[in-house]
Amino acid sequence: AVNLTGEYERVAAVAQFIVARTRHKPKVGLVLGSGLGGFADELAEAVVIPYELIPHFPQPTVEGHPGRLVIGKSGSVAVAVMQGRVHYYEGYTIQQVVFPVRVMALLGVRVLLLTNTVGAINPRLKAGDLLVIRDHINWQGTNPLLGPHEPRFGPRFPDMTEAYSPRLLELAHAEAKKLGLELSEGVYAGVAGPSYETP
């Protein structure tokens with residue numbers, strides 16, 4: 001079993017390592033999937049920290065995931081942006097996969113946006129459609145909350161009633177409408193990968 005007390009201390013140490021390198025206090029975190037890393041290049045007053053320089057940070061091995069933490073400003077909002085991430089199927093433990101998100105929480109991030117590219121089983125959706133997730137089904141066969149409970153990471157049984165903020169979903173739809181973009185909603189089926197689904 002993972003020693004989550006030791007894990008908390010590692011997460012806290014990494015958060016302090018990052019705090020010492022930026023004057024920004026991000027309240028918004030973004031995890032950018034394949035092809036979306038360019039967003040971080042647009043941030044103002046950016047501090048770029050390659051993952052290999054961050055203690056305990058897992059290193060991406062998948063193409064399109066460069067492995068850089070960028071902290072800067074998008075407009076007037078301080079953000080922490082992960083350019084690339086690791087996946088469970090790369091051979092990392094689930095604790096290693098969630099490690100950077102736990103670090104962001106200790107940095108003060110309270111809104112987390114995750115992006116990815118996926119297939120869909122809804123025949124009305126086509127390649128390139130944008131979708132926001134309103135719920136998920138975990139078919140990965142694991143869970144980052146397994147093992148001894150560390151209350152500093154949160155409750156043992158977190159309330160999943162609104163795992164995806166209805167307020168943020170409304171904002172996403174309103175912004176998409178302003179931009180003239182069609183935005184669908186769906187339920188994410190989380191599978192371990194790395195294989196794609198069959199027809």
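## A first look at this protein chain

Glu-45 belongs to strand β2, which covers residues 44-50. Strands (DSSP runs of E, at least two residues) and helices (runs of H or I, at least four residues) are numbered from the N terminus. The model is a predicted one, in which local features need pLDDT of at least 70, side-chain atom pairs count only at pLDDT 80 or more, and totals for chains, interfaces and linings use all residues. Residues are numbered from 1 along each chain as its sequence is written, and side-chain values use heavy atoms, with hydrogens and water left out.

### The whole chain

The protein chain holds 4 helices and 7 strands. Starting at the N terminus, the order of these elements is α-β-α-β-β-β-α-β-β-α-β. The radius of gyration is 17 Å, close to the 16 Å of the globule rule for 199 residues, so the chain is as compact as a globular protein of that length. That radius is taken over C-alpha atoms, and the rule is 2.2 Å times the number of residues to the power 0.38. Along the principal axes, the C-alpha trace spans about 45 × 40 × 35 Å.

Contact here means heavy atoms within 4.5 Å. Among contacts with a separation of 6 or more, 76% join residues 24 or more positions apart.

The chain carries 18 positive and 18 negative side chains, and the centres of the two sets lie 6 Å apart. Lys and Arg count as positive, Asp and Glu as negative, while His and the chain ends are not counted. Each charge is placed at NZ of Lys, CZ of Arg, CG of Asp or CD of Glu.

### Inside the fold

A residue is buried under 20% relative accessible area, exposed over 50%, and partly exposed in between (1.4 Å probe, protein chains only). By that rule, 31% of the 199 residues count as buried.

A nonpolar core is a set of buried Ala, Val, Leu, Ile, Met, Phe, Trp, Tyr and Cys residues joined through side-chain atoms within 4.5 Å. The largest one has 19 residues, of which Val-14, Ile-18, Ile-54, Phe-57, Leu-69 and Val-103 touch the most other members. Two or more residues of this core come from each of α1 (4-19), β3 (68-74), β4 (77-83) and α3 (94-107). Helix α1 gives the largest share, 5 residues.

Not counting residues up to four places away in sequence, Phe-57 touches Val-14, Tyr-51, Phe-99, Pro-100 and Val-103. Apart from this core lies another, of 8 residues, including Leu-30, Leu-32, Val-79 and Val-81.

| Residue | Relative accessible area | Class |
|---|---|---|
| Gly-67 | 3% | buried |
| Leu-43 | 9% | buried |
| His-87 | 15% | buried |
| Glu-45 | 44% | partly exposed |
| Thr-161 | 68% | exposed |

Gly-67 lies in the loop between β2 and β3. Leaving aside residues up to four places away in sequence, Gly-67 touches Pro-50, Tyr-51, Pro-60, Gln-83 and Gly-84. Its C-alpha atom is 7.9 Å from that of Glu-52, 15 residues away along the chain.

Leu-43 sits in the loop between α2 (38-41) and β2. Its contacts, again without residues up to four places away in sequence, are Val-70, Gly-72, Lys-73, Ser-74, Val-79 and Val-81. Leu-43 and Ile-71 are 28 residues apart in sequence and 7.9 Å apart in space, C-alpha to C-alpha.

His-87 is found in the loop between β4 and α3. Beyond its neighbours within four places in sequence, His-87 is in contact with Val-62, His-65, Tyr-92 and Val-97.

Thr-161 lies in the loop between β6 (130-139) and α4 (166-179).

### Backbone details

Glu-45 has a phi near 50°, a positive value in a residue other than glycine. His-56, not a glycine either, has a positive phi of about 70°, and His-56 is in the loop between β2 and β3. Towards the end of your tour, look for the peptide bond from Gly-193 to Pro-194, which is cis, with omega near 10°. Pro-194 lies in the segment after β7 (183-191).
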